[in-house]
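Please open the structure and keep it in view.

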Amino acid sequence: MTPRRRWTEAIVAAGAVRAAYVPDASTGRSEALEPTGAELVEGAALELHPVPLAPAPGPAIAFLDGIQQWAVVGYDGVTPIVRAHVAAAVRRRGPDRRPRTADEAARELAITRLAALSAPVRRALEGADVEIVDLAADETGQPGRALRAAHLRVDRAREQVEREVGERCAGRLGPKEWLVVDGLLSESRVLAEHPRALGVIKSHGAQYFEGEALERALTLPADHRTSAFRPLGHQHRPVYSWYLRLWPWDGNDLLYGLVRIEARAHPASVAQATALSGWLLRERAPVSTPDARWDRLLYPIHDVETYLRSRAPRDLLPATGSRLPKTGS
Amino acid sequence: MIDKSRPTPIGRVVATELKPATPHQFHFWTANETPIGIGAIVRVEASEGGALSVGRVVYGVVTDGFAYSDLATPLHDVVGAEGDPARAAEAPTVRQEIRLWTAAVLRQIPEEPLQPVPLGQVHVAGDADVAQALRMDAYVGGAQPRAIPIGLYTSGGLEAPVYLDADFLLGPEAAHLNISGVSGLATKTSAVEFLLASIFRHFPSHKGRIAAVCFNVKGPDLCFLDRPGELDAEDRRRYARLDVEPRPFDRVRYFAPFKADGVNLNTLRTHPDLAGDVDPLVWGLQEVLDFAEVLLNRDDIDAKADAFIDFLADRVLNKDFDDGFGRQHRVQNFADLDALFRAIFDGLEATGRSDMWRTHHIATIRKVRNRLANISTRCKGLVTDDGLSNDLPWGEFQDRTVYVVDLANVDPLGQDLVFARVVSKLREHLERRDLGVDAVVVFVDELNKYAPADGPETYVKKMLLDISERGRYLGLVLFGAEQFRSQVHRRIVGNAGTLVYGRMDMDELATPGYQVLSPATKIKLATLPIGELMVRHPHFTQPIFVRFPRPAPLRGRDGVERFPPAADLPFEEAVVRQLLRLDRRIRPNQVKDVIADRRAEDVRGALAAVRRARPEDVLAYFRKALGTRVAPTAPRPRQVVPPLNPISEEPY
């Protein structure tokens with residue numbers, strides 16, 4: 001009996017592009033799936049621009065990234081007490097091509113609803129040398145709700161420490177040095193207005209186009225960028241942005257190898273977009289495996305993250321396996 | 001000089017479940033640009049951890065090294081470079097990579113309780129650290145230091161002297177040294193020359209006097225120990241660092257047998273400027289008979305032959321002896337002995353008696369005659385027919401003197417004989433404490449030839465085993481060298497307290513004797529530069545790499561170029577040279593007149609008599625020994641001892 005052809009093959013045969021990879025970020029956050037709009041600042045329509053390889057724009061490049069780790073370290077009744085570690089670092093890569101730490105900061109937080117704690121527990125917590133984040137009453141009540149709230153506070157704390165380190169570093173950048181930020185540039189006025197700062201966004205929860213422009217942006221071929229545009233609809237600082245495809249997406253996913261670049265909202269950014277993109281293409285090597293996001297994660301950013309994780313509290317790392325001694329069987 | 005100030009740490013001990021730190025081994029990482037390598041000595045200081053760890057200091061030697069990056073699989077490098085190896089090198093960022101080292105523990109302080117190495121900071125070892133790590137502090141200082149420098153431990157531009165313990169190198173606690181390595185690159189002979197110089201400089205006064213006997217068994221290796229060689233500034237600096245004088249040996253005496261003509265010395269040290277200070281090594285029947293067992297091969301070893309040789313030595317040699325057929329004999333040399341043998345054979349044949357003579361079977365007598373005649377023929381020049389010998393100065397050995405016995409061109413049988421006799425005499429005299437020195441280093445190259453791991457149990461091998469196992473009590477110390485240690489009898493190697501390795505052959509390193517070495521150490525051994533050695537010593541718990549300066553004496557092949565050997569002299573000229581060596585006032589023509597028309601045997605006999613007597617008036621004594629001038633006569637056949645059947649296959 002002849003096996004029936006699978007429908008997935010049938011659609012490829014009909015002209016669909018084969019895909020076989022679903023990065024975490026492709027699911028996005030539900031609240032950000034609605035397009036927020038964009039204003040083109042380069043050309044009249046969203047166009048594709050081939051990107052030749054280009055050298056780095058300066059002899060030294062600084063890379064900024066941050067991490068967050070948190071765990072529930074206790075319950076008082078049903079009120080969770082969360083311990084969080086957030087950290088950010090800038091690693092500067094000089095002419096010897098080796099990144100070295102230029103700046104870093106870390107915070108340890110205790111996140112809970114203080115009013116919900118029993119007096120002894122609260123005294124013990126307040127007497128400890130730790131920064132306490134007190135959750136609001138409407139954020140707690142149910143343990144699950146409290147944990148979601150704690151998660152959000154950890155996110156904000158990490159963003160804050162990243163912003164602090166990033167702004168410090170931006171102020172110290174040499175005249176030919178650049179700063180590459182993992183994530184949004186527009187969250188900081190200093191960074192958003194800096195002439196030599198770039199944001200590299202790997203996750204695409206927010207979309208700025210729809211229809212034909214969306215298809216053009218998300219099916220961008222490798223080694224191409226889109227026209228520059230100004231994202232609309234969010235409350236951050238104005239920046240210019242463009243999509244850049246680092247790796248071919250055929251056989252993977254629409255978002256595979258796709259990054260969005262943010263630069264200051266200035267005509268010079270448009271003028272430099274192709275050259276800067278060509279440099280970022282060169283940053284594809286070395287690949288940042290074994291990180292699952294290696295298709296969009298620049299190795300120097302991965303390096304900063306590795307550095308921060310190596311310095312994070314060991315007891316906040318998830319156990320990779322049994323800590324029991326191995327047996328002979 | 002190693003900087004004694006506390007340097008910044010160069011690494012940190014790491015331990016994982018898969019690579020834990022143990023009491024005998026630990027791992028540490030360093031910066032990529034670290035100066036340390038395989039063989040480097042490091043110090044670990046526990047600055048944190050439990051109460052028992054704080055203050056603990058651990059010394060280790062690096063035995064292996066690893067480098068790896070965060071690359072998950074080689075395929076990812078290909079992907080990053082898009083298949084172009086040239087692009088891989090152009091990546092804007094260099095991958096994170098690690099230098100991870102494995103070190104074997106040399107010493108822990110305190111030694112008890114013995115614990116896993118703490119996860120502390122790693123420092124490069126300084127002078128004092130090296131002394132502590134190698135337990136040299138027990139014998140370097142103190143009221144009676146016993147330290148013998150063997151070389152400089154070097155690592156990352158730092159260096160520290162490494163000392164051996166004289167009690168463990170030269171006895172009585174342990175003794176003997178074995179050095180192995182491939183020919184030409186391992187610098188075995190150079191290492192021994194330097195070590196002898198170091199011993200002569202640092203041998204503790206409370207241990208008495210010491211000398212060395214070196215057997216030169218190949219080429220001109222040891223023929224110029226008293227002549228200065230080339231040393232550069234770096235060599236001189238190393239000599240100064242090790243407190244050894246960068247000069248050749250002050251006192252060297254050379255001994256070499258004659259060639260077959262009995263007057264020209266069988267050595268490469270025959271340049272006119274040097275030949276005068278080589279003493280002939282000549283033995284007669286007495287000396288040979290004492291070690292006749294050397295001449296017997298495995299098939300020969302039986303009680304009957306032994307008994308007959310003992311009979312000759314005890315009852316016949318140098319005694320008036322009746323052969324039982326009516327003839328009196330006084331056997332003093334090979335010719336006399338052969339006359340006795342002929343008388344016995346003739347007597348037995350004439351009387352028609354049985355095949356027995358004084359309880360000895362005629363076949364046994366023939367066999368012994370054959371062997372003795374064989375040595376007289378094959379070692380002509382070493383063994384003399386006339387009975388007058390010239391030997392090493394037994395009983396008059398001088399302190400800090402090297403005695404070189406040049407056997408390079410002597411028949412292997414003769415080499416065995418010389419080796420056996422010299423070492424046995426050394427042992428005899430050391431046992432009686434009347435050698436003149438308290439300890440003797442015997443240097444034997446090509447040990448795998450004299451004491452092979454396989455092969456027959458020869459007298460020489462048995463004797464070497466005896467020295468190895470009991471020599472340390474007597475002060476008889478064996479310094480053996482060979483190309484392949486695995487091919488030397490394991491009890492001889494095993495009894496060497498100190499083992500030294502030059503550059504080694506990889507095949508040799510694959511043999512079981514090297515299983516304790518890490519692969520990296522083996523690679524280092526296989527690629528050791530000239531002048532670097534690996535040393536194992538009872539105080540060192542791990543092998544240590546050291547550098548030593550070039551020996552101050554002239555190297556053999558340089559010596560041959562600077563002092564090319566002279567061609568063999570005509571008989572008359574050779575005799576003149578022999579006598580001139582004893583008395584510079586002699587005029588050659590006088591000697592030539594005296595020996596004109598005289599038989600060569602007579603001249604050689606007279607020369608031997610002069611050498612033995614060393615008279616004030618050499619020429620007069622020589623003339624007297626030669627006897628009055630006689631009219632020339634028709635030459636008669638020389639009475640030598642013809643072998644009955646030199647290549648006989650008879651099973652005796």
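The dialogue below goes from whole chains to single residues.

Q: What kind of model is this?
A: It is a predicted model.

Q: What does the C-alpha trace of chain B span along its principal axes?
A: The spans are about 100 × 60 × 60 Å.

Q: What part of each chain counts as buried?
A: A residue is buried if 20 or more other C-beta atoms lie within 10 Å of its own. In chain B, 45% of the 652 residues pass that mark. In chain A, with 329 residues, the buried part is 39%.

Q: What share of the contacts joins residues 24 or more positions apart?
A: Take the contacts with a separation of 6 or more. In chain B, 75% of these join residues 24 or more positions apart. For chain A the figure is 65%.

Q: Where do the chains touch, and which element of chain A gives the most?
A: The general idea comes before the case. The size of an interface is often given as the accessible area lost when the parts come together. Here we have residues in contact instead: 17 of chain A and 12 of chain B. On the side of chain A, helix α7 (residues 299-311) gives the most, with four residues. That side of chain A holds eight nonpolar, two polar and seven charged residues.

Q: How many bridges join strands β1 and β2 of chain B?
A: Four bridges join β1 (residues 11-14) to β2 (residues 25-30), and the two run antiparallel.

Q: Which strands pair with β11 of chain B in the parallel sense?
A: Begin with a general point. In a regular strand the side chains alternate between the two faces of the sheet. Now the case. Strand β11(B) pairs with β17 (residues 402-406) of chain B in the parallel sense, over four bridges. B:Val252 stands opposite B:Val402 there. Strand β11(B) also pairs in the parallel sense with β12 (residues 278-280) of chain B, over three bridges. In that pair, B:Tyr254 stands opposite B:Val278.

Q: Why is β11(B) called largely enclosed by the rest of the structure?
A: Count its buried residues. Strand β11 (residues 252-256) of chain B has five residues and four of them are buried, so the rest of the structure largely encloses it.

Q: How do I check a helix, and what should α6 of chain B span?
A: Compare the expected span with the distance between the ends. Helix α6 (residues 188-202) of chain B has 15 residues, and at 1.5 Å a residue it should span 21 Å. Its end C-alpha atoms are 21 Å apart, which agrees. In α6(B), 13 of the 15 residues are buried, so this helix too is largely enclosed by the rest of the structure.

Q: At what angle do helices α19 and α21 of chain B pack?
A: The angle between α19 (residues 571-582) and α21 (residues 600-613) is about 10°, with the axes 11 Å apart. The two helices are therefore roughly parallel to each other. Among the residues that meet are B:Phe571 and B:Leu582 in α19(B), and B:Ala600 and B:Val610 in α21(B). The contact has eight nonpolar residues, one polar and no charged.

Q: Is B:Ala40 buried or exposed?
A: Buried, because 25 C-beta neighbours lie inside 10 Å of B:Ala40. B:Ala40 sits in the loop between β2 and β3 of chain B. Leaving out residues up to four places away in sequence, B:Ala40 touches B:Val62, B:Ser155 and B:Gly156.

Q: Where is B:Val477, and which residues does it touch?
A: B:Val477 is in strand β19 (residues 476-482) of chain B. B:Val477 is buried, with 25 other C-beta atoms within 10 Å. Beyond residues up to four places away in sequence, it touches several others, including B:Leu170, B:His176, B:Val441 and B:Gly471.

Terms used
Residues numbered from 1 in each chain as written. Chains lettered and ligands numbered in written order. Predicted model: local features only at pLDDT ≥ 70, side-chain atom pairs only at ≥ 80, totals over all residues. Axes fitted to C-alpha atoms, helices over the stretch in contact; angles between N-to-C directions. Parallel < 35°, antiparallel > 145°, perpendicular 65-115°, else oblique. Contact = placed C-beta atoms within 7 Å. Nonpolar A, V, L, I, M, F, W, Y, C, P; charged D, E, K, R; others polar. Expected span 1.5 Å × (residues − 1). Buried ≥ 20, exposed ≤ 12 C-beta atoms within 10 Å, placed from the backbone. Pairing = 2+ DSSP bridges.
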